[in-house]
Amino acid sequence: DIGCGGGLLSEPMARLGAQVTGVDALEKNIKTAQVHADQSGLEIDYRNTSLEDLVQSNQAPFDVVLNMEVLEHVTDPATFIRLSAQMLTHGGITFCSTINRTAKAFTMAIFGAEYVMNWLPKGTHQYAKFIKPLEMRRMLLDAGLTPDDALGMVYNPLGGSWKIAADTSVNYLVRSVKTEITA
């Protein structure tokens, strides 16, 4: 789980039986995640490191790499995806989710979530860093991955739940398989 933050996705994956490694460049995120995992009785290998350092450390590749809601926060998403592909076994899969660069996404993710609902600190997102599905597809292909079509992730604020849908206009997810050897 690259960019695992406080372990929001790492913990449910561990509860489902996955052997999880959570990676985040911010030490405070890893400390928070580790405390919560310990309190929950979960064994998760949390590491305070960057993806670049993980690749350079000759870490054995993983069967699955998750890049969930992190691409819009990195300096160079194409390089980040390429490095993530290097961390996959041949035939391994990666999941990438991010925010689409649309007017609707600006309205929902920035104006709505940051300024109206105050769910996120103001300035969390920058519209220019949002990624269109076709741009994501190109980055995945360039990294030696074979992507599926993007699927929308739609939030229902009344029920407080997410669902997978055809609407990719705000959040979306792409599953890819490593079919080429990447270096």
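The lining of the largest pocket comprises 26 nonpolar, 15 polar and eight charged residues; in this scheme Ala, Val, Leu, Ile, Met, Phe, Trp, Tyr, Cys and Pro count as nonpolar, Asp, Glu, Lys and Arg as charged, and the others, Gly among them, as polar. The model is predicted: local features need pLDDT of at least 70 and side-chain atom pairs count only at pLDDT 80 or more, whereas totals for chains, interfaces and linings use all residues. Residues are numbered from 1 along each chain as its sequence is written, and side-chain values use heavy atoms, with hydrogens and water left out.

**The largest pocket**

Select Met 68, Glu 69, Glu 72, Leu 120 and His 125, which lie nearest the centre of the largest pocket among its 49 lining residues. A pocket is defined on a 1 Å grid over the protein atoms alone, as an open set of points where a 1.4 Å probe fits, with protein on both sides within 12 Å along at least five of seven lines; lining residues have an atom within 4 Å of a point. The space in this pocket is about 1,600 Å³, a volume being the space filled by probe spheres set on grid points joined across faces, edges and corners.

Next, colour β1 (21–24), α3 (51–56), α4 (77–86), β4 (88–99), α5 (103–116) and β6 (151–156), the elements that give two or more residues to this lining. Helices (H or I, at least four residues) and strands (E, at least two) are DSSP runs numbered from the N terminus. The largest share, five residues, comes from α5.

**The second largest pocket**

Move to Gln 19, Val 20, Thr 21, Phe 62 and Val 64, which lie nearest the centre of the second largest pocket, itself lined by 18 residues. Here α1 (10–15), β1 and β3 (62–68) each give two or more residues, and β3 gives the most, with five. The space amounts to about 410 Å³, and the lining divides into 11 nonpolar, four polar and three charged residues.

Select β6 and β7 (residues 161–165), antiparallel strands joined by five bridges; two strands pair if DSSP finds at least two bridges between them. Tyr 155 stands opposite Trp 162 in β7. Four residues separate the strands of this hairpin, in which Gly 160 takes a positive phi near 65°.

**The cysteines**

The structure holds zero disulfides.

Terms used
A disulfide is a pair of cysteine sulfur atoms within 2.5 Å.
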